[in-house]
Amino acid sequence: MRKLINSTYITLDGVIDNPMWTMPYFDEEAASLAGAQTTEADAMLMGRATYDGFSAAWPNMDESDPTTGAAYFNNVKKYVASTTLTDPTWNNTEVLQGDLVEAVTALKAQEGKNIIQYGFGSVTAQLIKAGLVDEVRFWIHPVLEGGPSLTSPLTDVKGSFDLIDTRVHKSGVIVASYAPKTTA
């Protein structure tokens, strides 16, 4: 079964929106980890807000420059959880139909590599509740941004996780990876 890996950039005060604040910290270490993450995934899952942001940015980036990641993002199979998006224009994008939990369960059952998910909102909340998220990677940036925090849309989500990896980058970014606690 494929793994669903959530990867989210976050500030010290819990902001994830419009992560332009990550740019000064996207150094060689971050690029290496991000590249490994995408190499291990042959599909991407996102909600509508993430799709809108990514589909506006990635197609405008140079795919011939391997340091941009644009070739991966523009060509990987993309799944969008949305009840309002009907005709996605970004290459290789499919809107999930019907029940989100059923659709993602079916995706995970297919042959393939990991499914990477960026962003952390209502789609992630539903998938965590359903036990479908295998790992959460928070890229914690040494920045205070102000504004709505990560926890605002997720007030009814509860869960416990085990720390499975920690990477501390020279830039001050900490990547903390967690897996849901299993009940035995």
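The following questions and answers walk through selected features of this predicted model.

Visitor: Is Gln37 buried or exposed, and what is its relative accessibility?
Guide: Gln37 has its place in helix 1, which covers residues 28-39. Because buried means under 20% relative accessible area, Gln37 counts as buried, and its relative accessibility is 4%.

Visitor: What is the volume of the largest cavity, and which residues line it?
Guide: A search of the whole structure for cavities of 30 Å³ or more finds one, and the volume of the largest cavity is about 30 Å³. Its lining divides into three nonpolar, two polar and two charged residues. The residues that line this cavity are Ile5, Gln37, Glu40, Ala41, Asn114, Ile116 and Arg137.

Visitor: How far apart are the closest N and O atoms in the salt bridge of Arg48 with Asp52?
Guide: Both residues lie in helix 2, residues 48-57, where they are four residues apart, about one turn of the helix. Arg48 is partly exposed, with a relative accessible area of 30%, and Asp52 counts as partly exposed at 36% relative accessibility. This pair belongs to a structure that holds seven salt bridges, and its closest N and O atoms are 3.0 Å apart.

Visitor: Which residue in the turn between strand 7 and strand 8 has a positive phi?
Guide: Strand 7, residues 161-168, and strand 8, residues 174-180, run antiparallel and are joined by seven bridges, with Phe161 standing opposite Pro180 in strand 8. The two strands form a hairpin with five residues between them, and the residue in its turn with a positive phi, of about 105°, is Gly172.

Visitor: Which elements do the buried residues of helix 5 pack against?
Guide: Helix 5 spans residues 122-129, and its buried residues are Val123, Thr124, Ala125, Leu127 and Ile128. Just after this helix, Gly131 takes a positive phi of about 75°. The elements against which the buried residues of helix 5 pack are strand 1, strand 2, strand 3, helix 4, strand 5 and strand 7.

Visitor: What is the phi of Asn18, and is this residue buried or exposed?
Guide: Most residues other than glycine have a negative phi. Asn18, in the loop between strand 1 and helix 1, has a positive phi near 40°. At 57% relative accessibility, Asn18 counts as exposed.

Visitor: What is the phi of Asn92?
Guide: Asn92 is found in the loop between strand 3 and strand 4, and at 32% relative accessibility it counts as partly exposed. Although Asn92 is not a glycine, its phi is positive, at about 65°.

Technical notes. Residues are numbered from 1 along each chain as its sequence is written. This is a predicted model: local features need pLDDT of at least 70, side-chain atom pairs count only at pLDDT 80 or more; totals for chains, interfaces and linings use all residues. Side-chain values use heavy atoms; hydrogens and water are left out. Buried means under 20% relative accessible area, exposed over 50%, partly exposed in between (1.4 Å probe, protein chains only). On a 1 Å grid over the protein atoms alone, a cavity is a set of points where a 1.4 Å probe fits but cannot get out, and a pocket is an open set with protein on both sides within 12 Å along at least five of seven lines; lining residues have an atom within 4 Å of a point. Grid points are joined across faces, edges and corners, and a volume is the space filled by probe spheres set on the points. Ala, Val, Leu, Ile, Met, Phe, Trp, Tyr, Cys and Pro count as nonpolar, Asp, Glu, Lys and Arg as charged, and the others, Gly among them, as polar. Two strands pair if DSSP finds at least two bridges between them. Contact means heavy atoms within 4.5 Å. A salt bridge is a side-chain nitrogen of Lys or Arg within 4 Å of a carboxyl oxygen of Asp or Glu.
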